[in-house]
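Here is a short briefing on one protein model. Look over the sequence and the structure first, then read the notes by topic.

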Amino acid sequence: MPLAIDDRPPVTVTRALCRVEDLRDGHSRGFDPLGEGRDTMFIVRQGDRLVAWRNNCPHYDNARMAWKKDEFLNADRDRIVCGAHGALFEIDSGLCVQGPCLGDRLIPVALDIRDGEVFLAAPYKHGMRPRPGRPHN
Ligand code: FES
């Protein structure tokens, strides 16, 4: 049985997620914009460029991807990696280039940078609901 898609309407988040300077260059960081108790998205910073994705692996059950808090990248820091089964994704495109979901893509999150602060550029959907009786990975 797949996870249920949360059918609550997307929420407009007006507060900043963080400041650009709070993001370490060449690293990733998870965010929980709606206060759901888990990081439902993450940002990768590469120099002045920020790329954001939903924390949902397309391989299995929209699983969480970090192998450790805020760690969404492989050892070389040139790919996003899913901690569950090791799928590798291009940072820019979200395309899976190695692993069990080869050819699938991550879900992008649009950002808006204003005065050095990072905002969501569009209303944000809640994360997937866990299955009853089973913790969401
Ligand atoms: S759940 Fe991500 S690679 Fe399997």
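Alanine 87 is buried, because 25 other C-beta atoms lie within 10 Å. Buried means 20 or more other C-beta atoms within 10 Å of the residue's own, exposed means 12 or fewer, and partly exposed is in between; C-beta atoms are placed from the backbone. This is a predicted model: local features need pLDDT of at least 70, side-chain atom pairs count only at pLDDT 80 or more, and totals for chains, interfaces and linings use all residues. Residues are numbered from 1 along each chain as its sequence is written.

**Around alanine 87**
- Alanine 87 sits in the loop between β5 and β6 (88-89). Strands (E, at least two residues) are DSSP runs, numbered from the N terminus.
- Leaving aside neighbours within four places in sequence, alanine 87 is in contact with Cys57, His59, Cys82, Cys96, Gln98, Gly99, Pro100 and Cys101. Contact means that two C-beta atoms, placed from the backbone, lie within 7 Å.
- Valine 97 is ten residues from alanine 87 in sequence, and the two are 7.7 Å apart in space, C-alpha to C-alpha.

**The β2-β3-β4 sheet**
- Three strands make an open sheet in the order β2-β3-β4, with antiparallel pairing. Strands pair if DSSP finds at least two bridges between them.
- β2 (28-31) and β4 are the edge strands; each has a single partner strand, so one side of each lacks a neighbour in the sheet.
- From one strand to the next, the twist averages 25°. Axes here are lines fitted to C-alpha atoms, and angles run from 0 to 180 degrees between N-to-C directions.
- β2 and β3 pair over four bridges. Arginine 29 has isoleucine 43 in β3 as its bridge partner.
- β3 and β4 pair over six bridges. Arginine 45 is bridged to leucine 50 in β4.

**The largest nonpolar core**
- This core holds 24 residues; Met41, Phe42, Val44, Ala52, Trp53, Phe72 and Ile80 touch the most other members. A nonpolar core is a set of buried Ala, Val, Leu, Ile, Met, Phe, Trp, Tyr and Cys residues joined through C-beta atoms within 7 Å.
- Two or more residues come from each of β3 (41-46), β4 (49-54), β5 (80-81) and β9 (117-120). β3 gives the most, with four residues.
- Valine 44 stands opposite valine 51 in β4. Beyond four places in sequence, valine 44 is in contact with Ser28, Val51, Phe72, Leu73, Ile80 and Ile91.
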